[in-house]
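Here's a quick tour of a fold, taken from the overall layout down to single residues. Have the viewer open and follow along.

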Amino acid sequence: MAAAEEDELPLPRLPELFDTSQQLLDEVEVATEPMGSRAIQEKVSKGLHLLKQASEMLTQLDLFSRNEDLEEIASTDLKYLLVPAFQGALAMKQVNPSKRLDHLQEAREHFLDYLTQCQLYHVAEFELPKIKNTSAENNTGSSSMAYPSLVAMASQRQAKIERYKQKKEMEYRLSEMKSAVEGGEADDERVREYYLLHLRRWIGISLEEVESIDQEMSILRGKDSSKEASTSHSSHQTRPPMKPFILTRDAAQAKVFGAGYPSLASMTVNDWYEQHRKLGALPDQGIAKTTSEIKRAAQQQEDQEQKEDEEDEQTLHQAREWDDWKDTHPRGYGNRKNMGGKKRVLRNGSV
């Protein structure tokens with residue numbers, strides 16, 4: 001019984017769908033709550049659902065035809081041209097980081113659909129944005145946008161300034177005409193002018209949104225490509241990292257200090273290289289000596305160094321004794337009478 005009553009409920013009419021979705025869009029744009037809040041996202045989803053129904057109803061009614069001019073469209077029907085623009089605006093309000101790129105692409109298609117219709121009916125004079133279908137074209141566009149010429153930058157800036165001035169002027173005129181049109185006090189000419197101002201205002205908004213979407217999509221695609229590059233680079237690194245080690249003199253020292261970090265190094269790399277060069281154990285010196293020969297040579301080298309150290313100590317001890325003796329025995333000590341065994345001769349020859 002309840003199912004039968006639901007089937008008998010009348011479907012919402014096109015004006016109701018449009019007015020409700022426009023009200024939801026206005027509430028979302030002026031809301032002070034975070035865009036990711038549940039209440040805001042419910043309004044966004046409901047508005048998109050109603051606009052989808054309105055778009056399907058427009059297609060069924062065949063309200064707009066490519067063969068007719070703007071003057072042939074009824075004044076009260078002009079507002080339904082805004083349906084794709086509202087769809088793009090609400091699609092931009094969706095919050096889902098994993099599907100952000102899809103939402104941007106969806107919003108861009110709605111804005112381009114609206115701009116194409118407006119250009120077809122000659123609502124205003126403007127240049128239609130380029131259609132980007134492949135990621136290669138997007139990458140090319142982003143690379144070309146990275147270093148624009150000064151002339152292009154100046155023209156874009158001037159176009160933005162003009163659009164901003166026109167937008168403010170149209171918003172002021174719309175605020176003056178809104179009460180009369182919505183209250184049913186305006187004539188057909190005023191109603192037509194009111195909705196044409198709405199269409200031209202949303203043309204400027206759509207152009208700005210498409211430009212913003214292209215920039216954001218370029219950034220998102222750059223992030224995805226950098227992530228893929230880092231993933232592929234890390235997959236190529238199959239060799240495990242080397243464990244740090246030190247060079248030790250013998251096995252006893254290795255047991256004390258250990259074979260890894262943290263440990264104290266026993267010699268520098270140059271000392272190690274010089275030692276192995278003398279022993280002929282380097283790869284570029286032919287066949288290396290056996291372990292016993294290396295140990296024997298190392299023992300001989302240590303003995304030689306120890307012997308040299310002992311000789312150095314003995315020489316140093318003798319030198320110190322000689323210095324001490326000279327301190328206590330001045331030069332000429334013990335031969336003070338003869339003064340060297342020579343007689344002193346005076347100037348006149350006498351002794």
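## Ground rules

This is a predicted model, so to speak of local features a pLDDT of at least 70 is needed, side-chain atom pairs count only at pLDDT 80 or more, and totals for chains, interfaces and linings use all residues. Residues are numbered from 1 along each chain as its sequence is written, and side-chain values use heavy atoms, with hydrogens and water left out.

## The overall layout

The protein chain has 11 helices and zero strands. Helices here are DSSP runs of H or I with at least four residues, strands are runs of E with at least two, and both are numbered from the N terminus.

Of the 351 residues, 26% count as buried. Buried means under 20% relative accessible area, exposed means over 50%, and partly exposed is in between, using a 1.4 Å probe on protein chains only. Take the contacts between residues at least 6 apart in sequence: 62% of them join residues at least 24 apart. A contact means heavy atoms within 4.5 Å.

## Helix α5

Helix α5 covers residues 100-120, which makes 21 residues. From first C-alpha to last it reaches 30 Å, close to the 30 Å expected at 1.5 Å a residue; that expected span is 1.5 Å times one less than the number of residues.

Which residues of α5 are buried? They are Arg 100, His 103, Leu 104, Ala 107, Arg 108, His 110, Phe 111, Leu 112, Tyr 114, Leu 115 and Cys 118. As background, an α-helix has 3.6 residues a turn, so residues three or four places apart point the same way.

## The nonpolar cores

The largest nonpolar core has 45 residues, and Tyr 114, Trp 202 and Ile 203 touch the most other members. Two or more residues each come from α2 (14-30), α3 (38-61), α4 (83-92), α5, α7 (150-182) and α8 (188-236). The largest share, 10 residues, is from α8. A nonpolar core is a set of buried Ala, Val, Leu, Ile, Met, Phe, Trp, Tyr and Cys residues joined through side-chain atoms within 4.5 Å.

Tyr 114 deserves a click. Leaving aside neighbours within four places in sequence, Tyr 114 is in contact with Leu 81, Leu 82, Pro 84, Ala 85, His 198, Leu 199, Trp 202, Ile 203 and Ser 206.

## How α2 meets α4

The axes of α2 and α4 come within 11 Å and cross at roughly 35°. Axes are lines fitted to C-alpha atoms, for helices over the stretch in contact, with angles from 0 to 180 degrees between N-to-C directions. The crossing is left-handed, meaning the near helix is turned anticlockwise from the far one by less than a right angle.

On the α2 side, Phe 18, Gln 22 and Leu 25 do the meeting; on the α4 side, Val 83, Phe 86, Ala 89 and Leu 90.

## Salt bridges

How many salt bridges does the structure hold? There are 13, each being a side-chain nitrogen of Lys or Arg within 4 Å of a carboxyl oxygen of Asp or Glu. In one of them, Lys 79 meets Asp 19 at 4.0 Å, N to O. Lys 79 lies in the loop between α3 and α4 and Asp 19 in helix α2, so the pair ties together parts 60 residues apart in sequence. Lys 79 is buried at 13% relative accessible area, whereas Asp 19 is partly exposed at 39%.

Glu 211 pairs with Lys 160, with the closest N and O atoms 3.3 Å apart. Since Glu 211 is in helix α8 and Lys 160 in helix α7, this bridge ties together parts 51 residues apart in sequence. Both are partly exposed, Glu 211 at 24% and Lys 160 at 41%. Shared partners join Lys 160, Arg 163 and Glu 211 into one network. Another bridge joins Glu 193 to Arg 173 at 2.5 Å between the closest N and O atoms.

## Two positive phi values

Most residues other than glycine have a negative phi. Asp 62, not a glycine, has a positive phi of about 50°; Asp 62 sits in the loop between α3 and α4 and is exposed at 55% relative accessibility.

His 122 also has a positive phi, about 55°. His 122 follows α5, in the loop between α5 and α6 (135-146), and counts as exposed at 61%.
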